[in-house]
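This briefing is for a reader who has not seen this structure before. Please look at the sequence and the model first.

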Amino acid sequence: MVAQHIRYIGSKRKLLPHILDAITKIEVVGGAGVMVFDAFSGSGRVTEYLLDQGRRVWANDMSPIAHLIGQHLVGDLPPASSEDLSYDSTATVAEPRISRYWSGTFYSTDNALRADQFLFGAGPVPSLLRRLTCVYGLDRVDATTGVQRAYLKSPAPSSRFWKDIEFLPLEDRPKQGETTNLDVLRAYEKYPEVLEGCTAYFDPPYNENQYFATYHIYNAITQNFEGFGDPYGVAQKSQVCKDPETKSDFCSKRRAAQAFEDMIKKCPAPRMVISYSEDGFVALEQIVQMIKDSGRKCEVVEVDHKKYNAGKAKSNRVTEYLICGWR
Ligand SMILES: C[S@@+](CC[C@H](N)C(=O)[O-])C[C@H]1O[C@@H](n2cnc3c(N)ncnc32)[C@H](O)[C@@H]1O
């Protein structure tokens, strides 16, 4: 069975061995953590990699779909029964959701109907595993460039959009960590003692893309359309996207520096590795200074990394940074 992933802005897929390297190095000088606190776990790439390397991981993210992915990866979801993931292609769904909001735009009419049958064919409250399986299926057949702000109006005949959606069973994973669905500062307040024994890995947003709204379809499915209301805009977003609770200070040019400062200075974990992106709101030197001001030693690791430009044959190299702090 192969691992499944969603496309996600800022996914650290290409940097995984470097991240583990950086964590291992600071643990040699600062002592090994009981768990790695993946504070912004997103698509789960880093969590999954660390777990597969034998580490215990605490996956946290404020976004519901990221939390659900984390729950699956650390083995926090009940195992699937074959009945649990059955799919009846003749089922009539009393309250179709995907078809109602995103049929013929984000998904083909057939795929939207199948997704509704898969989600709601066995009842109005699908299991978490069923929701996640549906999200992975939808991610492979949508008409987007990986974000859900808008859809491609005329998908090419060879496009994924025309392929039949598949609901592939997810691999069962052993219990190897913890998960929370919290703002990072709330996690500090709730679990300071646990964090004191952890090494923290931080990969916060570096620009104005609010993740909840950018993946609003997956978040709506994860929350089983709770609070959905009357959808708005071309993307038919849920009313929940307007809730200030879904918005991150890291995505605000005005508030990002303070968010970074709080994340670093208030962190109970003695050791931290921060993924840094050059095109972010906060300068590298500022972050380094924040780490030093927090009483930690600091080292910056440069990682040369190939970045592909969509639609262009040419690739260009970018420098990614891992900022390490320890005491
Ligand atoms: C750059 S992405 C992380 C990508 C992840 N490392 C991966 O490989 O997929 C940033 C993540 O931070 C989450 N986030 C934003 N603000 C947050 C906050 N204040 N507390 C916790 N999570 C937050 C977003 O939901 C998003 O999933």
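This is a predicted model: local features need pLDDT of at least 70, side-chain atom pairs count only at pLDDT 80 or more; totals for chains, interfaces and linings use all residues.

Residues are numbered from 1 along each chain as its sequence is written. The chain is assigned two stretches of structure called domain 1 (13-77 + 174-210 + 248-326) and domain 2 (80-172 + 215-245).

**Domains**

- The domain bounds come from an automatic or database domain assignment.
- Taken over C-alpha atoms, the centres of domain 1 and domain 2 are 29 Å apart.
- Eight residues from domain 1 and eleven residues from domain 2 take part in the contact, where two residues are in contact if their C-beta atoms, placed from the backbone, lie within 7 Å.
- On the side of domain 1 that touches domain 2 there are five nonpolar, three polar and no charged residues.
- In this classing, Ala, Val, Leu, Ile, Met, Phe, Trp, Tyr, Cys and Pro count as nonpolar, Asp, Glu, Lys and Arg as charged, and the others, Gly among them, as polar.

- Helices (H or I, at least four residues) and strands (E, at least two) are DSSP runs, numbered from the N terminus.
- Strand 1 (residues 35-38) pairs with strand 2 (residues 57-60) in the parallel sense over three bridges; two strands pair if DSSP finds at least two bridges between them.
- Phe 37 has Trp 58 of strand 2 as its bridge partner.
- Between these strands the chain passes through helix 2 (residues 45-52), and the β-α-β crossover is right-handed, that is, the path from the first strand over the helix to the second runs clockwise with the strands pointing away from the viewer.
- Strand 2 also pairs with strand 3 (residues 177-180), in the parallel sense and over four bridges.
- In strand 3, Glu 178 is the residue opposite Trp 58.
- In a regular strand the side chains alternate between the two faces of the sheet.
- From strand 2, Val 57 and Ala 59 point one way, Trp 58 and Asn 60 point the other way, and all are buried.
- A residue is buried if 20 or more other C-beta atoms lie within 10 Å of its own, exposed if 12 or fewer, and partly exposed in between, with C-beta atoms placed from the backbone.

**Strands 4 and 5**

- Strand 4 (198-202) and strand 5 (271-276) run parallel and are joined by four bridges.
- Thr 199 stands opposite Arg 271 of strand 5.
- Six of the six residues of strand 5 are buried.
- Arg 271, Val 273 and Ser 275 point one way from strand 5, and Met 272, Ile 274 and Tyr 276 point the other way.

**Helices 2 and 3**

- Seven of the eight residues of helix 2 are buried, namely Arg 45, Val 46, Thr 47, Glu 48, Tyr 49, Leu 50 and Leu 51.
- The packing partners of these buried residues include helix 1 (16-30), strand 1 and helix 3.
- Just after helix 2, Gly 54 has a positive phi of about 95 degrees.
- Helix 3 (residues 64-73) is largely enclosed by the rest of the structure, because ten of its ten residues are buried.
- The buried residues of helix 3 pack against helix 2, strand 2, helix 6 (128-139), strand 3 and helix 10 (216-222).

**Two loop residues**

- Ser 41 lies in the loop between strand 1 and helix 2.
- Ser 41 is buried because 27 other C-beta atoms are within 10 Å.
- Ser 41 and Ala 59 are 18 residues apart along the chain, and their C-alpha atoms are separated by 5.7 Å.
- Not counting residues up to four places away in sequence, the residues that Ser 41 touches include Val 46, Asn 60, Asp 61 and Gly 70.
- Phe 281 lies in the loop between strand 5 and helix 12 (284-293).
- Phe 281 counts as buried because it has 20 C-beta neighbours inside 10 Å.
- Leaving aside neighbours within four places in sequence, Phe 281 is in contact with Tyr 206, Lys 253 and Ala 256.

**Ligand**

- The ligand is surrounded by 21 residues, and the closest are Gly 10, Phe 40, Gly 42, Ser 43 and Ser 248.
- A residue is near a molecule if its C-beta atom, placed from the backbone, lies within 6 Å of it.
- The shell around the ligand holds ten nonpolar, six polar and five charged residues.
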